[in-house]
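Hi,

Here's the structure I promised to pass along.

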Amino acid sequence: MEAAQVVCWAGTVCSIILLYFLCTDCWVITAVYCAWLAFDWNTPMKGGRRSHWVRNWSVWWYFRDYFPIRLFKTHNLLTTRNYILGYHPHGIFGLSAFCHFGTEATGVSQKFPGIKPYLATLAGNFRFPILRDYLMSGGICPVNRDSIDYILSKNGTGNAVVIVVGGAAESLHSAPGKNSVMLKNRKGFVRLALRHGADLVPVYSFGENEIYNQVIFEESSWGRWAQKMFQKYIGFAPCCFLGRSIFSPNTWGWLPFSKPINTVVGEPITIPKIESPSQTEVDFYHSLYTSSLRKLFDKHKTKFGLLETDVLEVN
């Protein structure tokens, strides 16, 4: 999941706290933690260090019920296979992806027994002290090749890496009533799946785009240029979004609107293991995945408030 604006803010706060301790009589806390950090630096790249206790904090149940967020299973996932789950759409913050796969609030471990989910997010988030430990405790991993290669090749079976395929670029197009994903030129996750023989699973979250309003700039505008430059050099795109206030749903603020989010996990696509897949092979399985995602959307859209005439726009 890529709620990078919030994560970076939290990471900055954690860093300031450590620096403050360094200037007080509690400086030893910072010194010991920094020594530990040097020793533990590569742990996020090796599957992390998840905590059943953190994933089951009661606060996540309140977070789930605020919207509410629900998870629907359509097929079993075998513990003898590894998986890459493509999560769509990104939305502004990808809040439902975090709720499903970074916590146990929607019962992912009960719905898919024996499957260990790893929600992938920006690798830069793991450079922040304290925050990195919290992210790992939720089963969150860096979304880079080394980390995912380790999970899919050196961590046994029953692993499911969750990648929000559209990423930061997709968040710039998130708006209520919009059913669109960025997928046409996103093929790296398919290549990874082929290299490891990990089955691909499409996941669609109905309602993710409904919880925030956003000012969407024209492609030729200075606002869109600034967003793209920020994305290129920093790693995420700042969105001009509005939600509700903490006091009333009728006044603007930064809280998301309490609208239902329903996430459907689709049927796995069996992927052969090909260590050096050709572009033709990547394109073939990418087309299968795209078709499967469209079918998943069309089959379930009317159950969650969409019209039969609504279509999924793939960009």
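Below is what turned up, going from the cores to the cysteines and then to one glycine. Keep in mind that this is a predicted model.

Let's start with the largest nonpolar core, which has 39 residues. Within this core, Y83, L85, Y87, F101, F112 and L119 touch the most other members. Seen by element, β1 (69-73), β2 (83-88), α5 (95-101), α7 (131-137), β5 (159-164), β7 (199-206) and β11 (261-265) each put in at least two residues. The largest share is that of α5, with five residues.

If you skip residues up to four places away in sequence, F101 touches R55, L85, Y87, V108, P117, L119, G138 and V162. There's also a second, separate core, this one of 32 residues, with Y118, L194, A198 and F297 among them.

On to the cysteines: there are zero disulfides in the structure. C99 isn't in one, and the nearest cysteine sulfur, on C141, sits 18 Å away. C99 counts as buried, because its relative accessibility is 0%, under the 20% cut-off. C34, on the other hand, is partly exposed, with a relative accessible area of 41%.

Last one: G48, in the loop between α2 (27-40) and α3 (52-55). G48 is partly exposed at 25% relative accessibility. Neighbours within four places in sequence aside, G48 is in contact with T43 and M136. C141 comes up again here: G48 and C141 are 93 residues apart in sequence, yet their C-alpha atoms are 6.6 Å apart in space.

Cheers

Methods. Residues are numbered from 1 along each chain as its sequence is written. This is a predicted model: local features need pLDDT of at least 70, side-chain atom pairs count only at pLDDT 80 or more; totals for chains, interfaces and linings use all residues. Side-chain values use heavy atoms; hydrogens and water are left out. A nonpolar core is a set of buried Ala, Val, Leu, Ile, Met, Phe, Trp, Tyr and Cys residues joined through side-chain atoms within 4.5 Å. Buried means under 20% relative accessible area, exposed over 50%, partly exposed in between (1.4 Å probe, protein chains only). Helices (H or I, at least four residues) and strands (E, at least two) are DSSP runs, numbered from the N terminus. Contact means heavy atoms within 4.5 Å. A disulfide is a pair of cysteine sulfur atoms within 2.5 Å.
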